[in-house]
Amino acid sequence: MPVMPQEFLNSRAWFTAFWPVAASSTRRISFSASGSSPMLLIQNAGLADIGSMRVESPVFEDSHMDHKFPVSVGFSVHKYLTPRLHIGTGLVYTYMSSKAEIEGAFNYRYRQRLHYLGIPLTVNYSVFDRGRFDIYFSGGAMAEFALSARGTTELYKDRAFVSSETRKIAADGALWSVNLGLGVGFDLVDHFGIYVEPAVSYYFENKRQPASYRTQNPWNVNLGVGFRYKF
């Protein structure tokens, strides 16, 4: 096997996938679409014309939405500062979706899709490192920026599809978070291994961000599982 330069052996690249550990619920709201409701906030933005009646597109409030678990994948590079301490950064892509439904004279089905790109900064400290096996503490912060944020409302009449409308959702500024976790890594072969990293994250409030799983649940328990390649 060729000898790798020392500066290559002192850094690591990680491929990461995260699964939040929590429970989900389904929410459904019922009211007459012809009546007055605080959820019908958009005026003069009709979803469809049915006969002589103009059907408006509603806005779904956060408390009425079913936010699905975020799914994230990432790539990071870590640099050793000491034999036990290393610092890392990279990129993390996250997809979040939400659903809601309104039943009444007309049925509305809403689906929200959010795509984020995050830049993490982490510090890891090894507490046990023997051969191919490693146990470490991990802590850091991440700033996430929306790549795309859109919501689609579908209109149904007597279970028959009538029309749909997709709108861009405002998502300004960064979604900041801090995290703390404990990781276990195992090198399968030289320079390449697998790791498992449960962590707790806290997401700070940003009222310019759309409602999502993370805005409704600022405390998240995540399980990171991935591969790492030393180079």
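The largest nonpolar core in this predicted model has 13 residues. F60, M65, Y108, Y110 and L114 have the most contacts inside this core. Three strands, β7 (85-103), β8 (107-130) and β9 (133-157), each supply at least two of its residues. β8 gives the most, with 4 residues. In soluble globular proteins, nonpolar side chains tend to be buried together.

**Overall fold and confidence**

The secondary structure comes to 2 helices and 13 strands. The chain has 231 residues, and buried residues make up 41% of them. Among contacts with a separation of 6 or more, 69% join residues 24 or more positions apart. The accessible surface comes to about 12500 Å². Carbon and sulfur atoms account for 62% of that surface.

Mean pLDDT for the chain is 77, and 74% of the residues score at least 70. Confidence is highest in β9, at 94. Confidence is lowest in strand β2 (residues 29-30), at a mean of 34. Over residues 1-45, pLDDT stays under 50. The model still has 133 contacts beyond four places in sequence for residues 1-45. Where pLDDT is low, the predicted coordinates should not be read in detail.

R113 is partly exposed, because its relative accessibility of 34% falls between the 20% and 50% limits. Beyond four places in sequence, R113 touches Y95, M96, S148, A149, R150 and T152. R113 and T152 are 39 residues apart along the chain, yet their C-alpha atoms are separated by 8.5 Å.

Two charged side chains sit over aromatic rings. R109 lies over the face of Y156, at 4.2 Å from the ring centre. The charged end of K157 sits over the ring of F106, 4.9 Å from its centre.

**Aromatic pairs**

The structure holds 5 aromatic pairs. One of them joins F128 and F133, with ring centres 6.0 Å apart. Their planes meet at 70°, so the pair is edge-to-face. Another pair joins Y202 and W219, with ring centres 4.8 Å apart. Here the planes stand at 55°, so this pair counts as tilted.

**A buried loop residue**

Where is N206 found? N206 is in the loop between β12 (192-203) and α2 (213-216). Is N206 buried or exposed? N206 is buried, because its relative accessible area of 16% is under the 20% limit. Leaving aside neighbours within four places in sequence, N206 is in contact with D172, G173 and A174.

Key:
Residues are numbered from 1 along each chain as its sequence is written. This is a predicted model: local features need pLDDT of at least 70, side-chain atom pairs count only at pLDDT 80 or more; totals for chains, interfaces and linings use all residues. Side-chain values use heavy atoms; hydrogens and water are left out. A nonpolar core is a set of buried Ala, Val, Leu, Ile, Met, Phe, Trp, Tyr and Cys residues joined through side-chain atoms within 4.5 Å. Buried means under 20% relative accessible area, exposed over 50%, partly exposed in between (1.4 Å probe, protein chains only). Contact means heavy atoms within 4.5 Å. Accessible areas come from the Shrake-Rupley method with a 1.4 Å probe; for residues, only the protein chains shown count as cover. pLDDT is the predictor's confidence in each residue, from 0 to 100. Rings of Phe, Tyr and Trp (its six-membered ring) pair if their centres lie within 6.5 Å; planes under 30 degrees apart count as stacked, over 60 as edge-to-face and the rest as tilted. A charge sits over a ring if NZ of Lys or CZ of Arg is within 6 Å of the ring centre and within 35 degrees of the ring normal.
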